Amino acid sequence: MSVVSFAFDVLAYSAIFILVVMGLGVIASMMGIFNFAHGEFVLLGAYTVYLFQERGLPVWAGMLAAPFAVAVVGLLLERTVIRRFYAAPVAAMLGTYAIGLSLREGVRGLLAGQFYSVISPLVGSFDLGDISVSKWKAAVILMTLLVMVGSWLLLTRTRFGLQVRATLENPALARASGISTDKIYAATFSFGAALAGLAGGLMVPIYSLNADMGVPFLIKSFLAVMLGGAGGFEGSMAGAAFVGASSAALPWVIKPVVADVLVFVIAIAIVKFRPEGLLSRWRSS
Amino acid sequence: MDQDDYKPRLQSYSRRLFVQRAGLLSGMVALGGGSYLLNPTGAWAASPIKVGIATDLTGPISWGGIPNSNVAKMVIQDINASGGLLGRPLQMILEDTATNEALAVTKVRKLVQKDKVDVVFGGITSSMRNAIKDTIVNRGKTLYIYPQLYEGKECTQYLYCTGPTPAQQCDTFIPWLIKNGGRKFYLPSADYVWPHVLNAYARNVIEKNGGEVVGEEYFPVDHNEYSATVQKIMSNKVNVVFNTTIPPGVAAFFKQLYEAGFQKNGGRLACVYYDENALNITPAHEIEGLASCLDYFKAVNDPYGNKLQEKYSKLFGDKNPFTAGSAATGMYRGIRLWAEAVRTAKSVKREPVAAALDHARIADGPGGGSEVVPGTRHLKMNMYTAVAKSGKYEIVEKSNGPVMPGECA
């Protein structure tokens with residue numbers, strides 16, 4: 001029975017983690033930009049849901065609105081700031097880091113540095129014999145699957161997806177074929193931001209709303225994207241599943257503080273022996 | 001825009017440009033957060049006494065720093081309204097330490113060297129206290145008063161601690177937990193100095209009172225996945241979870257514990273920094289029955305505390321409440337005790353004020369009066385045990401008079 005609860009907990013954490021990494025992975029793999037403001041996009045999604053709750057509106061409506069709200073923020077940032085960084089990935093990291101810091105401190109000011117809980121649309125847990133399974137986490141696992149499949153279909157089976165991939169492969173040829181790469185970059189970035197907003201909205205009932213809620217996910221998300229490497233969108237998902245599952249599973253056998261470090265050590269070892277990561281793509285371009 | 005357009009601009013990134021930008025950046029970092037001056041109102045014949053407040057108005061600890069600075073403002077205004085100290089008004093110089101120890105050292109250096117303040121209050125985390133104390137006390141030759149509940153063992157001369165110590169938070173609380181929870185304890189903790197030292201003390205008290213520590217575990221401070229620990233707690237049939245994980249990680253932990261059915265099975269959750277402010281971190285039903293032990297709760301319902309609360313809300317609203325876990329009560333006692341010492345010493349110089357502070361007392365305060373235990377630079381004060389019920393605290397036990405700090409004796 002503890003095997004079931006173990007499996008569920010690992011699955012639930014991996015799902016949350018995949019949800020967070022998805023937006024980052026889309027932007028990193030499709031645009032070659034490491035978005036250091038990603039954690040704050042997650043935060044903005046969570047904040048949107050909190051605003052709905054505070055105004056007495058249903059929380060699920062906030063969760064629906066979160067990706068759109070964050071997409072708009074992402075679009076504005078792309079049009080004004082991010083587009084200037086496409087040729088300089090390192091400057092992009094610093095630039096997005098600065099944006100993230102401003103967003104984080106802005107939200108902190110709005111919350112007066114406080115923590116707030118958001119109550120999930122599904123409260124409580126199912127009792128399966130001796131173990132309890134959180135209803136909301138089960139719902140998050142399902143929604144993660146849906147979003148994964150949806151995003152994958154969007155990027156591989158639609159005209160938009162084709163244009164995105166063409167822009168990634170060869171921007172000059174894409175432009176020559178009549179694709180506005182400018183618009184594609186803007187759309188991709190705000191799509192990535194929307195995914196982050198959705199992740200924030202769905203996970204805020206599990207954690208609590210505070211200005212730093214995106215921070216612990218950020219570095220591990222980068223690890224996931226690096227692990228995924230050049231494999232594009234699917235690669236990031238695989239990386240996220242690995243990092244999420246090992247972060248949740250390792251503390252069952254070793255000290256949590258050691259586990260936290262070990263996740264990085266294992267991931268770095270994998271990157272070492274399978275070096276077709278993002279860095280190699282940067283080097284070749 | 002075309003990506004190729006950026007190439008020339010990148011190549012022209014000269015050394016001069018780099019130096020200019022690096023200079024600008026380091027200048028911005030050095031200036032950091034804000035610095036505020038609150039001058040006394042009205043006409044005063046004498047020059048002001050300078051009170052330095054260094055606290056975290058921004059960054060992760062701002063939930064504590066904001067009420068700290070609010071309380072300081074309120075008490076200093078009160079003192080000025082009733083004629084100041086020694087016929088002189090108090091001037092408050094507030095520095096935002098931004099939850100950043102390196103920046104804080106610069107800030108307190110400014111307070112003691114440039115502003116030449118007569119006393120410094122502030123710091124919330126132990127790491128902050130450790131970072132700034134030397135600059136204030138040894139190199140700055142200034143009195144330092146630290147307001148937060150903490151792990152004890154701070155016996156630096158000229159450094160006074162006005163928050164509760166492990167002895168005050170454990171000696172009566174743990175026997176209560178054994179009686180109202182059970183004998184089997186689990187100590188899940190954040191991996192930094194306060195939980196480590198507090199747990200060592202708590203373990204001792206638990207074992208002395210016939211209890212047993214089933215597990216003690218440390219997590220990175222922002223950890224957010226606790227299923228392994230929750231499983232161990234449930235399968236070992238633990239009675240009391242004595243928690244020292246902190247926000248933000250604590251929210252995920254309490255939720256997982258609740259969803260696993262810990263409270264439903266009769267388990268007791270305990271956490272000694274949990275105050276009214278912390279009740280917002282998780283939905284009320286997830287921490288139903290949580291027990292805490294602090295120097296003040298609103299539920300103590302003492303007339304003096306109520307009056308302070310009313311005044312505080314009128315001045316600052318309710319977004320950053322006046323509570324014990326954020327060190328706001330410690331800040332209140334600290335400034336009042338220091339003011340008493342200045343009156344007794346008839347001076348603001350360090351030596352005479354320290355000598356007077358050594359046995360200073362105030363008859364009232366939130367939760368009751370308090371006094372410095374001579375020779376220890378710590379306070380004895382009333383302690384209260386409270387239990388969370390539907391998002392509010394109920395006082396279940398009050399200490400039998402002031403409790404000794406048990407430090408630096």
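This is a predicted model: local features need pLDDT of at least 70, side-chain atom pairs count only at pLDDT 80 or more; totals for chains, interfaces and linings use all residues.
Chain A is built from 12 helices and two strands. Read from the N terminus, its elements follow the order α-α-α-α-β-β-α-α-α-α-α-α-α-α. The C-alpha trace of chain A extends over about 60 × 50 × 35 Å along its principal axes. The radius of gyration of chain A is 19 Å, in agreement with the value near 19 Å for a compact globule with 285 residues. Of these 285 residues, 51% count as buried. When contacts in chain A between residues at least 6 apart in sequence are considered, 74% join residues at least 24 apart.

A:A71 lies in helix 3 of chain A, which covers residues 59-80. A:A71 is classed as buried because 23 other C-beta atoms lie within 10 Å, and 20 or more are required for that class. With residues up to four places away in sequence left out, A:A71 touches A:S190, A:A193, A:A194 and A:G197. A:L142, by comparison, is 71 residues from A:A71 in sequence, and the two are 22 Å apart in space, C-alpha to C-alpha.

The secondary structure of chain B consists of 13 helices and 16 strands. Its C-alpha trace spans about 75 × 65 × 40 Å along the principal axes. For 409 residues, a compact globule would have a radius of gyration near 22 Å, and the 23 Å found for chain B agrees with this. Buried residues account for 55% of the 409 residues in chain B. Among contacts in chain B between residues at least 6 apart in sequence, the share that joins residues at least 24 apart is 72%.

Within chain B, strand 7 (residues 184-190) and strand 8 (residues 212-219) are paired in the parallel sense, with seven bridges. One of the residues involved is B:P188, whose bridge partner in strand 8 of chain B is B:E217. Together with helix 8 of chain B (residues 193-208), strand 7 and strand 8 of chain B form a right-handed β-α-β unit.

The contact between the chains draws 37 residues from chain A and 37 residues from chain B. On the side of chain A that touches chain B, two or more residues each come from helix 1 (2-31), helix 4 (89-111), strand 2 (131-134), helix 9 (215-228), helix 10 (232-249) and helix 11 (256-273) of chain A. Helix 1 of chain A contributes the most to this side, with four residues. By class, the side of chain A that touches chain B comprises 19 nonpolar, 11 polar and seven charged residues.

The largest nonpolar core contains 206 residues, of which A:I16, A:V70, B:V120 and B:V241 touch the most other members. Helix 1 of chain A provides the largest share of this core, 17 residues. A:I16 touches A:V140, A:M203 and A:I206, when residues up to four places away in sequence are not counted.

Methods. Residues are numbered from 1 along each chain as its sequence is written. Chains are lettered from A and ligands numbered from 1 in the order in which they are written. Two residues are in contact if their C-beta atoms, placed from the backbone, lie within 7 Å. Ala, Val, Leu, Ile, Met, Phe, Trp, Tyr, Cys and Pro count as nonpolar, Asp, Glu, Lys and Arg as charged, and the others, Gly among them, as polar. A nonpolar core is a set of buried Ala, Val, Leu, Ile, Met, Phe, Trp, Tyr and Cys residues joined through C-beta atoms within 7 Å. A residue is buried if 20 or more other C-beta atoms lie within 10 Å of its own, exposed if 12 or fewer, and partly exposed in between; C-beta atoms are placed from the backbone. Two strands pair if DSSP finds at least two bridges between them. A crossover is right-handed if, with the strands pointing away from the viewer, the path from the first strand over the helix to the second runs clockwise. The radius of gyration is taken over C-alpha atoms; the globule rule is 2.2 Å times the number of residues to the power 0.38.
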